[in-house]
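Work through the exercises below with the sequence and the model open. Each task is followed by its solution in steps.

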Amino acid sequence: MQCDIEPTDTVVIWGAGPVGQFCVRSAVLLGAQQVVVIDNVPERLSMAQAGGAIPINFDEESVLGRLQELTHGKGPEKCIDAVGLESHVPRSPDSVYDRVKQSLWMENDRAHVLREMIYVCRPGGVLSIPGVYSGMVDKIPMGQLMNKALSVRSGQTHVRRWSDDLVRRIDDGQIDPSFVITHSVSLEDGPEMYNVFRNKQDGCVKVVLKP
């Protein structure tokens with residue numbers, strides 16, 4: 001993982017989809033002191049909690065307030081954006097701003113999570129961005145990023161670097177990735193299941209399509 005997780009770390013993960021679920025398990029496996037996951041889909045939060053995370057439903061409580069409580073006002077050491085360009089917080093002013101700019105073709109992505117990570121991360125902490133971004137974003141608090149001396153690490157997974165170790169851990173019984181599969185359907189049902197997943201219906205987290 002890009003975060004260099006230490007046993008004293010609080011690791012916070014934005015997004016409890018498939019990527020976020022595996023981030024939770026990885027952080028627990030690497031020995032983080034506490035792991036927190038942020039989402040608003042109850043089934044996803046329950047899955048993350050079953051994996052050892054403290055759930056925060058951003059529709060029901062203040063993310064900033066809860067993180068201050070969990071870290072005794074210091075903020076988390078490691079923050080992971082497992083959402084990327086699809087960040088969506090209906091009541092957030094910056095989310096409304098992003099959607100307006102997107103509609104005018106003046107911005108590609110919604111960067112609410114990225115902004116929030118910069119605000120809450122402890123000085124000297126690490127921001128990890130496995131969540132996908134496609135282009136331009138706006139209103140990034142660079143002053144906070146610089147003055148807190150935050151490290152930013154991003155990019156798609158380096159599969160060959162980690163695959164041998166992960167396969168070994170699966171063989172040894174340390175990891176069972178099948179937990180994330182919530183739906184197994186025929187290939188013909190693929191288009192329908194894409195809609196179910198996109199709209200976060202029926203507790204859908206990960207779909208397996210069988211020819």
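A salt bridge is counted when a side-chain nitrogen of Lys or Arg lies within 4 Å of a carboxyl oxygen of Asp or Glu. The model is predicted, so local features need pLDDT of at least 70 and side-chain atom pairs count only at pLDDT 80 or more, while totals for chains, interfaces and linings use all residues. Residues are numbered from 1 along each chain as its sequence is written, and side-chain values use heavy atoms, with hydrogens and water left out.

**Exercise 1.** Find which residues are linked with Asp165 in a network of salt bridges.

Solution. 
Step 1. Asp165 and Arg169 form a salt bridge at 3.0 Å, N to O.
Step 2. Both residues belong to helix 7 (residues 159-171) and are 4 residues apart, about one turn of the helix. Helices are DSSP runs of H or I with at least four residues, strands are runs of E with at least two, and both are numbered from the N terminus.
Step 3. The network consists of Asp165, Arg168, Arg169 and Asp172.
Step 4. Asp165 has a relative accessible area of 25% and is therefore partly exposed. Buried means under 20%, exposed over 50%, and partly exposed in between (1.4 Å probe, protein chains only).

**Exercise 2.** State how many salt bridges a search of the whole structure finds, then examine the partners of Arg66.

Solution. 
Step 1. The search finds 12.
Step 2. Arg66 meets Glu61 at 3.8 Å, N to O, and Glu69 at 2.9 Å, N to O.
Step 3. Arg66 and Glu69 are 3 residues apart in helix 3 (residues 63-70), so about one helical turn separates them.
Step 4. Glu61 is partly exposed at 33% relative accessible area, whereas Glu69 counts as exposed at 53%.

**Exercise 3.** Classify the aromatic pair in the structure.

Solution. 
Step 1. Rings of Phe, Tyr and Trp (its six-membered ring) pair if their centres lie within 6.5 Å; planes under 30 degrees apart count as stacked, over 60 as edge-to-face, and the rest as tilted.
Step 2. The structure holds 1 such pair. The ring centres of Phe22 and Phe179 are 5.4 Å apart and the planes stand at 70°, so the pair is edge-to-face.
Step 3. Phe22 is partly exposed at 31% relative accessibility, and Phe179 is partly exposed at 23%.
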